[in-house]
Amino acid sequence: MSIRCEGIFMRRTAFCLFIGLITSASLACAASPDIYIWDVLKRPNYIAAYRRMVSAEKRLPEWITTPEQLARSVTTTAGTVRSVGGNTEEVFSMCKAHECDSKTFVIFFSQYGDVAKSVLRVNGSLRFLGYPTPDERAALLSELPPQ
């Protein structure tokens with residue numbers, strides 16, 4: 001009888017420890033700091049993806065031509081995560097400092113930062129970068145602030 005009780009006690013203890021670990025991990029994630037575009041543009045995958053995206057384009061505004069220029073030139077809020085077409089995307093919405101009413105830019109990075117797609121709005125004109133799919137285009141447009 002004592003062996004059976006010990007087995008039940010051990011399983012309950014293990015279960016309680018497991019629940020405690022999950023709760024602790026959830027609280028740690030909830031308390032994690034916000035991530036901004038200049039934070040992710042320090043990571044190699046994100047820099048490479050951004051450079052690939054803009055290198056395929058001609059006549060871009062100077063403030064988005066390089067990751068370094070972008071990080072220095074924008075006003076932004078913290079990034080968010082959303083699902084688009086079954087894929088997890090990191091979303092960064094920003095505008096050119098002191099020109100937020102006319103120059104906005106939204107970037108989606110794939111889950112691991114190896115692909116970047118975006119929409120640029122300058123004076124009401126839209127331009128997609130990185131060859132977004134129709135679903136991604138719709139999601140990018142939904143992230144633009146109203147004009």
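Reader: Is Phe109 buried or exposed?

Author: This is a predicted model, where local features need pLDDT of at least 70, side-chain atom pairs count only at pLDDT 80 or more, and totals for chains, interfaces and linings use all residues. Residues are numbered from 1 along each chain as its sequence is written, and side-chain values use heavy atoms, leaving out hydrogens and water. Buried means under 20% relative accessible area, exposed over 50%, and partly exposed in between, with a 1.4 Å probe and protein chains only. Phe109 has a relative accessible area of 0%, so this residue is buried.

Reader: Thanks! How are the rings of Phe92 and Phe109 arranged as a pair?

Author: Rings of Phe, Tyr and Trp (its six-membered ring) pair if their centres lie within 6.5 Å; planes under 30 degrees apart count as stacked, over 60 as edge-to-face and the rest as tilted. By this rule there are four aromatic pairs. For Phe92 and Phe109, the ring centres are 6.1 Å apart and the planes stand at 75°, so the pair is edge-to-face.

Reader: Which parts does that pair tie together?

Author: Helices (H or I, at least four residues) and strands (E, at least two) are DSSP runs, numbered from the N terminus. The pair ties together parts that are 17 residues apart in sequence, because Phe92 lies in strand 3 and Phe109 in strand 4.

Reader: Which cysteine does Cys95 pair with in a disulfide?

Author: A disulfide is a pair of cysteine sulfur atoms within 2.5 Å, and a search of the whole structure finds one. Cys95 is buried at 9% relative accessible area. Its partner, 1.8 Å away from S to S, is Cys100.

Reader: Is Cys100 buried or partly exposed?

Author: Its relative accessibility is 37%. Cys100 therefore counts as partly exposed.
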